[in-house]
Amino acid sequence: MPKDKRFSGSRYGPAERHMAESLVEIERRMLSGQSEEEDCDCKEGMFNGLTRRNILTGGIALGGAVFTAGQAAADAPPGAFEYPVQPDPTKEQGRMILDDGGYGSRSQFENELRWRYPTASLDSSWSMTPLASGHGIVTPSGLHFERHHGGIPAIDPRTHELILHGMVDEPMRFTVDDLKRLPAVSRFCFIECSGNGLTEWKEPTLRTVQGTHGLTSTSEWTGVRLSTLLEMVGLSDGAAWILAEGSDAAVMTRSVPVDKAMDDAIVAYAQNGEALRPEQGYPLRLVLPGFEGNTHIKWLRRLEVSDKPFMTREETSKYTDLMPDGTARQFSLTMEAKSVITFPSGAMKLPRPGFYEITGLAWSGRGKIARVEVSADGGATWQEAALDGPVLPKCHTRFRLPWTWTGKEAVLQSRAVDETGYVQPTLPELVKVRGLKSVYHLNAIQSWHIAQDGEVTNVHA
Amino acid sequence: MSTPKTSLLCAAALTVMVPCLAQEAWAGNEPSRTVAQLPERIGKFEERAPAGPTRSSAAKVGDIDPAKAHFGVGQPATDMQIAGFNIDAMPDGRGLPPGQGSYAEGEEVFAERCAACHGADLEGNKDIGAPKLIGGRGTLTDAKPVKTVESYWPHASTLFDYVHRAMPMDSPGSLSADEVYAVSAYILGRADIISDDPGTTLDAESMAKVEMPNADGFVSDPRPDVRNKE
């Protein structure tokens, strides 16, 4: 048994434990004013790089870091630990390896957060990705947007099963362990909530790109192709739809066309190289590349094959688009091409005229992004942006364009074209066809107004 | 600490192709837990043990033929196991369970289990995100359409299915089939979709025959519907 129970054997190896206990002992002696000469097993040179001298200058702080390992200090942003900031990190040893317990954390100086749209219900709510500060195409798992219909369940994967039944030859059930034994596939793809931008139809409402566009995120998803599982159970003649059901309090359900299931659907157990995050469906999530987010059923427990769609609440009452003539569009599953400039974007302020690299994201549920054009004059003239690879189908694609702001008013816009030739529409074009009450599937061109003082605001231009 | 050891033993067993793979035996012996243990330390350098191959729940490995999707993984699902999960109801009545409930019974269920959020008059409560359940017929072309079960929902089965699986919010899935039939009869009666006579009763057969006012209000996805020019 370790002398100090804070340094348990499961968390610390013997060397780390010895080091940590020695530091505690040194600190105890220093605080109680005991002489240096007194004999202890914490002598100078006891371990490489740590001397009595730097213990005196930074040792207490270092000891403090040991004590707080595994729990974030109140002042550190979520996902970070607060470590003492060294006046000159070249003149003393840095903090100890593995004092984060063996699972890393972000810098205490980084503070991006998901932001919850203030829905009336906390159980059925959504949080949005801070796109303005994103880099590249991947969303950190901890910043991937969330949409829950009944909170976030905590599920032990050992007790979780996926059951496949209905119009199949042999109904089967799979443990999570089973699924990990099957041939796997990894792919990057975006997931976008069909409600992304729902506040923006009538007038500019939210100020930031997180608010206007933050219900889209990209991850690398790993799991079993759904087609593999469907081949194992054998589809009956006439199988056309599959009900996917989650194991949350909403027992969330959507009907998915069999063609999509056989094409590129994945029963995912991993995201960005590790197990799914609980809020992303741990331990199993259906991933349907290019389809609207709510069909990517989280906490997946059941797939029932049928000849018809099941007409669940989430494909009738919700996630249907009401048109001006009073009819509603149903099963608008594919997310159409869309793009947004994430920098500069709403609620930023350009400090002064000069060089800025315009950058943003483009994506299409129909395939690859072919081209992104950027306008700095509200759509009068367009310039092709560079696509910063990789350019993957049904995936966020990063675009960049060098730009010099002269200090005059400007309206920045981006326009995506996908490989099918579909061109991202303007808002008036969309509204002309769909009216103002359809709620979902807003993929119009976004406009950011740059004022003469550099203020960036969300506008309809 | 017996768990990692057991898994190591089984991993060892797998390498010599001894089938020790009955899911029931495995799951049954599993102590319940609230967190994972950290990986065991192994060997002279106290390395962290890797997760290793997971176990198939299949009773027998059988003939392996990946080309024919034979992996010796997973197990058949029995009718009884399926029935435990198979709660969905479809518009044609498939999946609706046995049972029945009347408007009068539904009025009581509603008062007790639903009214706190959805309001005594089914008017909803925006402050807590509880939608209005009835009214709004003829408003779908208005500037501010009122979308309710009465005005918008195309199938009565959806009402049964959703209430049964997810309502009430404070105790989802707690209503019996009879209670859900009853409360469906009450809501549909209050909406003048079926009779609001206290004796009006719904069951699987009658539920599938309910004609919703907006049954023909839905069209399939016509997109791309907007063609921008470059």
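In the predicted model, 68 residues of chain B are in contact with 84 residues of chain A. The size of an interface is often given as the accessible area lost when the parts come together. Between chain B and chain A, the buried area amounts to about 6,200 Å², with carbon and sulfur atoms giving 53% of this value. Seven salt bridges are counted between chain B and chain A. One salt bridge joins B:R223 to A:E336, whose closest N and O atoms are 3.8 Å apart.

The partner of β9(A) is β8 of chain A (residues 241-246), and the two strands pair in the antiparallel sense over five bridges. Within this pairing, A:E245 has A:T253 of β9(A) as its bridge partner.

A search of the whole structure identified six cavities of 30 Å³ or more. The largest cavity has a volume of about 150 Å³ and is lined by 14 residues. Those lying nearest its centre are A:R147, A:H149, A:G293, A:N294 and A:K298. Classified by type, the lining of the largest cavity comprises five nonpolar, four polar and five charged residues.

Key:
Residues are numbered from 1 along each chain as its sequence is written. Chains are lettered from A and ligands numbered from 1 in the order in which they are written. This is a predicted model: local features need pLDDT of at least 70, side-chain atom pairs count only at pLDDT 80 or more; totals for chains, interfaces and linings use all residues. Side-chain values use heavy atoms; hydrogens and water are left out. Two strands pair if DSSP finds at least two bridges between them. Helices (H or I, at least four residues) and strands (E, at least two) are DSSP runs, numbered from the N terminus. On a 1 Å grid over the protein atoms alone, a cavity is a set of points where a 1.4 Å probe fits but cannot get out, and a pocket is an open set with protein on both sides within 12 Å along at least five of seven lines; lining residues have an atom within 4 Å of a point. Grid points are joined across faces, edges and corners, and a volume is the space filled by probe spheres set on the points. Ala, Val, Leu, Ile, Met, Phe, Trp, Tyr, Cys and Pro count as nonpolar, Asp, Glu, Lys and Arg as charged, and the others, Gly among them, as polar. Contact means heavy atoms within 4.5 Å. Buried area is the accessible area (1.4 Å probe) that two parts lose on being put together, summed over both. A salt bridge is a side-chain nitrogen of Lys or Arg within 4 Å of a carboxyl oxygen of Asp or Glu.
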